[in-house]
Amino acid sequence: MTESKKDVIKFKMLKAIDLSGFTVFDPVLRLAFGEDPKKQFGSIVKYIFIPIVFVLTCLWLWSWIAPHHKTKSGEVPTPRDVLNSVSVNDTIADREAIKSQDFLLSGEKRQARLSEVKAQHAALKAEVDRLQAIVQTREKEKADREAAIIAPLSERYEALRSEYREAGKERDRLIAELSEDLAAGRIQKMELTAAIREDGEISDVEREELNALKSEIDEVRSQKYRPLEIARKEYDSMADKLFFLGTRLEFLEDRNLNVRLDEARSRLDGYMADLAAAESAKDALRLAKRAVRAEESVDRLEGQEYASAVTIYHQTKRSIFTVFIGFFMAAFVAIPVGIMCGLNKIFMACMTPIISVFKPVSPVVWLLIFQIVVGAFFPDPETHPLFVTLGSIPFISSLDVNPALIFSACTVAMCAVWPALVNTALGVASIDPDHVNVARVLRLGFWNRLFKIVIPSALPLVFAGLRISLGVGWMVLIAAEALSSSDGLGKFVWDEYQNGSSLTFANIIMVCFVVGIIGFFLDRMMIILQRLVSFDGKGASV
């Protein structure tokens, strides 16, 4: 390969990196092509190696601090726990896909799959029983270990409690005698109050000693026994797989769609045969009613689909779909209104109070307003033309579009409209006067001026506003979904918060990373679009 071709390839790759906004990898590419190795290596150390070390240090601090910080929900999950939650959610999604296949299998394929799953279930059942015996052994070891440590502490605790109880009774007796002496005038009242005060101080000291001993005993009981933790983890993993195989057996046998259809059709054929042989009008009527119910059962089963559990992937797709619906709604309003604001100062003056008043309004308020106002347009969502039409589109139908999604999308649109509107108005208002003068010289009409001069010149700022709007919309969406109970990442976080399982906290932190990563790529996408329409060659701020 000649040097010129290498330069052309390098230039194209550098241009692609610059366009995407990933300029941090610029020195890596230049180093790969042998350009000034010393300089590029220094840039790699500064802008790639040091940030990576910093991130790894943060992860190490997180791993070290998390187990030592106790909350009412338990320990703070470590990075390993969050990574494990990713694996768990991925496994859940895979299992739902497998159960969906099992639900629809029929004939020889179902029988072959059934035999395979039964064999796996039997083998795994023996392994689970073995692991359960190991767990019981480890539990006994832990109990014996605790008993050996706690026994002397418990004896000391009981001895001290008995001693302090007797000492307390003795002090109470002395105080009673002093009170009698005070009543008889043999002592001053200060002596009695001093005795009572001393009794309280001694009781506090004794109580603290007993609480310290009790805390020490509780600490021993709360200590984790590593062999038991390992045994329980292995047992729980295998027991979970066994439960899943048991569920698969159900979907391949009693809950299989085709098995149930065959049973329903067999009952229908039996009723029809009995109806044909009926000897009296009463028997015929009774059998006819049963046959009709059997036909309805067959029709219902033929249209039945697998009711899959909502997975993290479904929630993510629904959130992305919702944010783009809201984003396009915002762009549809913001760009024309922004152009009018930039072209006409009177219109801008009219819009300024509206922008100033409604821009700071919380998305929670907008959500409640849309639930009331927009909800009035959908009195019966099941039969509304909008939802019927969307439900007939293959990809969109799987997202289960409902009024809650519309409310969330409208909230996103209302909060995202302002940055795009303001930036569009600014872009139109700041067009180079030379461009306007050229349009006048050429005697261009309004529409030609709009589409050939105004919009192309304002595009960089328009896309800058759209980039901000998409970021705002993505942030707003999570809260809107949580409050509107619309399926998505926001509702997933809220459900996990309400759930309180061992994986809850880790799942919530996992969603933080999912939301951040998706937001990052949405921002990169808008940066690419913004740079494609920029004429000055300058990159957008990252």
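Me: Which residues is Ser408 in contact with, leaving aside its neighbours within four places in sequence?

Reply: In this predicted model, Ser408 touches Thr322, Leu367, Leu477, Ala480, Glu481, Ser484 and Ser486. Ser408 itself is in helix H15, residues 403-429.

Me: Why does Ser408 count as buried?

Reply: Buried means under 20% relative accessible area. Ser408 has 0% relative accessibility, so it counts as buried.

Me: What makes the pairing of the Ser408 and Ser484 side chains a polar contact?

Reply: The cut-off is an N or O pair within 3.5 Å. The two side chains come to 3.0 Å, and the pair is a polar contact.

Me: Why is H10 called oblique to H17?

Reply: Happy to go through that one! Helix H10 (residues 312-343) and helix H17 (residues 446-484) pack at about 140°, with axes 7 Å apart. Roughly antiparallel needs an angle over 145 degrees, and roughly perpendicular covers 65 to 115. The angle therefore leaves H10 oblique to H17. The residues of this contact divide into 16 nonpolar, 4 polar and 1 charged.

Me: And why are H8 and H9 roughly antiparallel?

Reply: Here the axes of H8 (residues 257-276) and H9 (residues 281-302) cross at roughly 160° and come within 9 Å. Since the label applies over 145 degrees, H8 and H9 are therefore roughly antiparallel to each other. Their contact has 14 nonpolar, 1 polar and 7 charged residues.

Me: What is the handedness of each crossing?

Reply: H8 passes H9 in a left-handed crossing, while H10 passes H17 in a right-handed one.

Terms used
Residues are numbered from 1 along each chain as its sequence is written. This is a predicted model: local features need pLDDT of at least 70, side-chain atom pairs count only at pLDDT 80 or more; totals for chains, interfaces and linings use all residues. Side-chain values use heavy atoms; hydrogens and water are left out. Axes are lines fitted to C-alpha atoms, for helices over the stretch in contact, and angles run from 0 to 180 degrees between N-to-C directions. Helices (H or I, at least four residues) and strands (E, at least two) are DSSP runs, numbered from the N terminus. Angles under 35 degrees count as roughly parallel, over 145 as roughly antiparallel, 65 to 115 as roughly perpendicular and the rest as oblique. A crossing is left-handed if the near helix is turned anticlockwise from the far one by less than a right angle, and right-handed if clockwise. Ala, Val, Leu, Ile, Met, Phe, Trp, Tyr, Cys and Pro count as nonpolar, Asp, Glu, Lys and Arg as charged, and the others, Gly among them, as polar. Buried means under 20% relative accessible area, exposed over 50%, partly exposed in between (1.4 Å probe, protein chains only). A polar contact is a pair of N or O atoms within 3.5 Å; within protein, one must be able to donate a hydrogen and the other to accept it, and residues adjacent in sequence count only if both atoms are side-chain atoms. Contact means heavy atoms within 4.5 Å.
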